[in-house]
Amino acid sequence: MQLQFQILILLLIFITFDKFLASEDAQFLNCTRLFSCGPTVRDVGYPFWGLDRPQECGLPGLELRCPSYNYTTIDVGGKAFHVLNINNTNKLMKIVQIGLLDDFCPDTSEDVWLDENVDGRLMRYAPGVERLTLFYACRPLFNVPSSWNNFMCNVSGTDRVGYVVDESRSSVGTGCELNITIPVLGSVLKEFRRNATRTTLRDVVNAGFAVEYGTDGTACAACERSRGLCWSGNNSSVQPTCLCRDGPHPFVCPDTGMSFALLHTIAISS
């Protein structure tokens with residue numbers, strides 16, 4: 001009789017566990033997929049989505065793309081950026097505008113500085129990011145300070161002189177036809193100003209800049225502690241909900257582990 005009871009309990013455990021697995025939410029399985037592309041962006045989850053990671057698994061506006069499967073891009077404020085790396089632990093992403101990688105002297109004046117009123121819900125400049133303003137297509141200036149590092153730009157097929165100046169010296173722009181404002185890493189810019197031979201202007205631009213991404217991580221941390229996944233679902237809000245094995249829940253996943261542990265204990269003690 002005791003053997004029959006043990007068999008019955010074990011069958012109950014297997015049936016319950018099988019139903020649990022069968023009912024495991026398909027969306028949960030989809031969101032366990034992580035984004036990887038190229039050598040520097042690997043195993044990226046919420047708040048990003050892209051490739052075989054569906055949109056509801058991340059936040060609107062944080063789609064990652066993988067052209068040719070060797071580098072990652074993201075659109076921010078209507079501009080395409082090359083993603084240099086993503087730090088999941090510190091929630092930092094380093095990016096550089098794609099068009100500037102080959103040519104930081106576009107034929108029209110441009111402001112690459114992101115509008116945080118628009119993009120601030122999703123990302124903010126990380127500490128240490130500074131503005132770099134380049135004036136180019138300038139007439140030659142004489143007796144300029146050595147700190148005004150000059151460079152050459154090819155504008156419409158003609159080599160024209162340009163100047164790197166700080167914002168307090170922006171009056172130099174009156175002698176220049178074009179300018180561009182670029183966010184850069186302050187540490188790299190400092191090295192350039194200290195030694196423009198060792199660290200070039202190209203190094204400064206190509207190093208990109210860092211942004212902090214996502215929303216307050218408190219809600220996500222609680223969800224993940226309950227073995228759930230943060231996701232946006234069909235909600236356009238930046239406030240995530242918790243996706244669990246049995247479907248979405250407002251904050252955390254229900255504790256299903258205790259019921260399995262209890263049945264297992266009963267079976268052993270019988």
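Which residues of helix 5 (residues 186-194) are buried? Before I answer, a word on the model and the terms.

This is a predicted model, in which local features need pLDDT of at least 70 and side-chain atom pairs count only at pLDDT 80 or more, while totals for chains, interfaces and linings use all residues. Residues are numbered from 1 along each chain as its sequence is written, and side-chain values use heavy atoms, with hydrogens and water left out. Helices (H or I, at least four residues) and strands (E, at least two) are DSSP runs, numbered from the N terminus. Buried means under 20% relative accessible area, exposed over 50%, and partly exposed in between, with a 1.4 Å probe and protein chains only.

To return to helix 5, the buried residues are Gly-186, Val-188, Leu-189 and Phe-192. They lie on the same side of helix 5 because they cover an arc of only 160° around the axis; the arc is that of the directions from the helix axis to the C-beta atoms. The face turned away from this buried side carries the exposed residues Ser-187, Lys-190 and Arg-194. The buried residues pack against strand 8 (129-138), strand 9 (149-155), strand 10 (158-165), strand 11 and helix 6 (201-206).

Is Thr-181 buried or exposed? Thr-181 counts as buried because its relative accessibility is 10%. Leaving aside neighbours within four places in sequence, Thr-181 is in contact (heavy atoms within 4.5 Å) with residues including Trp-113, Arg-131 and Thr-133.

Asn-85 stands opposite Lys-94 in strand 5.

Finally, the nonpolar core. Such a core is a set of buried Ala, Val, Leu, Ile, Met, Phe, Trp, Tyr and Cys residues joined through side-chain atoms within 4.5 Å. The largest one holds 57 residues, and among those that touch the most other members are Phe-48, Ile-74 and Met-93. Apart from it lies another core of 6 residues, including Phe-135, Tyr-163, Val-165 and Cys-176. In soluble globular proteins, nonpolar side chains tend to be buried together.

Notes
Pairing = 2+ DSSP bridges.
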